[in-house]
Amino acid sequence: MELRLRRIVIWNEEKQEKLVFLSNHMSFAASTIAAIYRDRWQIESFFKSMKQLLRVKTFVGTSANALKIQMWTALIAMLILKFLQWRARFGWSLSNLVALLRYQLFVYRDLYEWLDDPFQPPPALAPLEEQLVLTF
């Protein structure tokens, strides 16, 4: 079987290195193939961070609709987390925000106050007027 490939060498200014690609697209310009690779790498990096932060390791369904629902849910969660990180005055890294936010889910407190000052204890709850007494 005969296969025609094209060797493309691109200079990366940021890392000061050459990148070498093999492509079977003879009509695309080298800059177009470089742009495709750069965009593909950003998508790969995004999904890697989504798998690490949101623990999306497996899919819960096998149908196309189930996969779309799970991916859209993960994207919405990532968007909310990025917004919270942007809004907070505390210098959160995204991984620390996700980790500590998990512990705060069942604590009654103002989210925005916690984002700005995460090391304050939660406010004391008002005592219940009628407590159920359990006797054994």
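Tryptophan 72 is found in helix 2; helices here are DSSP runs of H or I with at least four residues, strands are runs of E with at least two, and both are numbered from the N terminus. The model is predicted, so local features need pLDDT of at least 70 and side-chain atom pairs count only at pLDDT 80 or more, while totals for chains, interfaces and linings use all residues. Residues are numbered from 1 along each chain as its sequence is written, and side-chain values use heavy atoms, with hydrogens and water left out.

Tryptophan 72 counts as exposed because its relative accessibility is 57%. Buried means under 20% relative accessible area, exposed means over 50%, and partly exposed lies in between (1.4 Å probe, protein chains only). Tryptophan 72 also belongs to a nonpolar surface patch of about 670 Å², together with Ile43, Phe46, Phe47, Leu75, Ile76 and Ile80. Helix 1 (30-54) and helix 2 (64-87) are the elements that give two or more residues to this patch, and helix 2 supplies the largest share, four residues. A patch is made of residues with over 30% relative accessible area and no salt bridge; like charges are joined within 9 Å, and nonpolar side chains (Val, Leu, Ile, Met, Phe, Trp, Tyr) within 5 Å.

Next come the strands. Strand 1 (residues 6-12) and strand 2 (residues 17-23) pair in the antiparallel sense over seven bridges; pairing requires that DSSP finds at least two bridges between the strands. The two strands form a hairpin with four residues between them, and glutamine 16 in the turn has a positive phi of about 55°. Asparagine 12 stands opposite glutamate 17 in strand 2.

Serine 23 is also in strand 2, and it counts as buried because its relative accessibility is 7%. Leaving aside residues up to four places away in sequence, serine 23 touches Arg4, Leu5, Arg6, Ile8 and Ile33, where contact means heavy atoms within 4.5 Å.

The whole structure has two salt bridges, each a side-chain nitrogen of Lys or Arg within 4 Å of a carboxyl oxygen of Asp or Glu. One joins the side chains of glutamate 44 and arginine 40 (3.9 Å, N to O). Both residues lie in helix 1, four residues apart, about one turn of the helix. The other joins arginine 89 and aspartate 116 (2.8 Å, N to O). Arginine 89 lies in the loop between helix 2 and helix 3 (94-104) and aspartate 116 in helix 4 (residues 111-116), so this pair ties together parts that are 27 residues apart in sequence.

Definitions and conventions:
Accessible areas come from the Shrake-Rupley method with a 1.4 Å probe; for residues, only the protein chains shown count as cover.
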